[in-house]
Amino acid sequence: MILILIGAPGSGKGTQAKYLKERYKITHLSTGDMLRENVGNATKLGKKANEYMQRGELVPDKLIIDMIAKRTLKEDCKNGFLLDGFPRSLPQAKALDEMLGKKELELDAVINLIVPEEELVRRLLGRGRADDNEETIRNRLKVFNEQTSPVLDYYRKQNNVKEINGTGAIPKIREQIIKSLA
Ligand code: B4P
């Protein structure tokens with residue numbers, strides 16, 4: 001099974017991914033977590049990515065695409081994977097299509113977590129990660145509307161987007177996702 005979780009920053013992608021990977025026995029690939037690990041280990045990629053992350057901008061496509069292409073080659077991706085936070089731009093979506101096409105794999109569904117902007121800001125300020133200050137949050141939301149929304153339209157044209165209300169109790173949202181995939 002190959003799934004994509006899309007949603008604005010703070011929509012709960014990471015939160016829901018933890019349950020979905022267990023439910024479907026697939027590997028969770030969060031580009032945000034992978035980048036933060038690189039930042040923490042001060043790798044070449046981490047040093048480059050950190051500047052963009054602190055400003056709330058997208059890390060350049062080439063770096064992200066190479067990182068995901070390498071990661072999906074690993075043994076634990078053989079049974080499928082859950083992409084959390086990728087693709088976030090049209091070039092990333094097209095690169096993913098190419099990657100899957102070469103392996104004759106198909107995307108099962110794109111899950112879109114919908115949460116109103118005020119609720120997103122409230123959640124992120126509450127989370128308090130290094131890139132969760134008000135200025136960076138506002139920029140991340142702007143970047144989402146400008147660069148990630150077209151990715152949703154791209155998948156809507158292929159008819160495989162599951163629109164999920166991302167507000168309310170976490171287990172209820174999880175149930176809605178599972179129902180939409182049945
Ligand atoms: P990410 O790590 O992907 O983080 P996110 O979008 O901010 O958060 P997420 O939606 O996972 O929210 P969470 O579950 O934690 O991105 C960080 C940065 O990395 C980006 O800004 C960018 O610079 C870079 N990056 C990552 N991927 C990239 C890519 N593909 N291309 C380029 N750059 C990339 O939930 C947030 C909070 O809400 C938590 O505190 C949680 O407890 C709470 N919450 C969750 N569900 C809730 C609910 N139902 N009700 C109340 N609170 C809830």
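Analyst: A term to begin with: on a 1 Å grid over the protein atoms alone, a pocket is an open set of points with protein on both sides within 12 Å along at least five of seven lines, while a cavity is a set of points where a 1.4 Å probe fits but cannot get out; lining residues have an atom within 4 Å of a point. Grid points are joined across faces, edges and corners, and a volume is the space filled by probe spheres set on the points. This is a predicted model, where local features need pLDDT of at least 70 and side-chain atom pairs count only at pLDDT 80 or more, while totals for chains, interfaces and linings use all residues. Residues are numbered from 1 along each chain as its sequence is written, and side-chain values use heavy atoms, with hydrogens and water left out.

User: What volume does the largest pocket have?
Analyst: About 920 Å³ for the largest pocket. Its lining has 42 residues, and Gly10, Lys13, Arg88, Arg127 and Arg129 lie nearest the centre.

User: How does that lining split by class?
Analyst: The largest pocket has 17 polar, 13 nonpolar and 12 charged lining residues. Ala, Val, Leu, Ile, Met, Phe, Trp, Tyr, Cys and Pro count as nonpolar, Asp, Glu, Lys and Arg as charged, and the others, Gly among them, as polar.

User: Which elements each supply at least two residues to it?
Analyst: Among them are α1 (13–24), β2 (27–30), α7 (134–157) and α8 (170–181). Helices (H or I, at least four residues) and strands (E, at least two) are DSSP runs, numbered from the N terminus.

User: And the second largest pocket, what lines that?
Analyst: Its lining includes Met34, Glu37, Asn38, Asp66 and Lys70. The second largest pocket holds about 260 Å³ of space. Helix α4 gives the most to this lining, with 4 residues. By class, the lining has 5 charged, 3 polar and 3 nonpolar residues.

User: How many cavities of 30 Å³ or more turn up?
Analyst: The search of the whole structure finds 1. The largest cavity has about 30 Å³ of space. Its lining includes Leu5, Lys13, Phe86, Arg88 and Phe144. Strand β1 gives the most, with 3 residues. The classes come to 5 nonpolar, 3 polar and 2 charged.

User: New topic. In what order do the strands of the sheet run?
Analyst: The 5 strands run β2-β3-β1-β4-β5 in an open sheet, with parallel pairing. Two strands pair if DSSP finds at least two bridges between them. β2 and β5 (161–165) are at the edges with a single partner strand each, so one side of each has no neighbour in the sheet.

User: How many bridges join β1 and β3?
Analyst: β1 (residues 2–7) and β3 (residues 81–84) pair over 4 bridges, in the parallel sense. Isoleucine 4 stands opposite leucine 83 in β3.

User: How many aromatic pairs are there?
Analyst: The count is 1. Rings of Phe, Tyr and Trp (its six-membered ring) pair if their centres lie within 6.5 Å; planes under 30 degrees apart count as stacked, over 60 as edge-to-face and the rest as tilted. Tyrosine 154 and tyrosine 155 have ring centres 5.3 Å apart and planes at 75°, so this pair is edge-to-face.

User: Are those two tyrosines buried or exposed?
Analyst: Tyrosine 154 and tyrosine 155 are both buried. Buried means under 20% relative accessible area, exposed over 50%, partly exposed in between (1.4 Å probe, protein chains only).

User: Last one: where is asparagine 50?
Analyst: Asparagine 50 is in helix α3. Its relative accessibility is 27%, so asparagine 50 counts as partly exposed.
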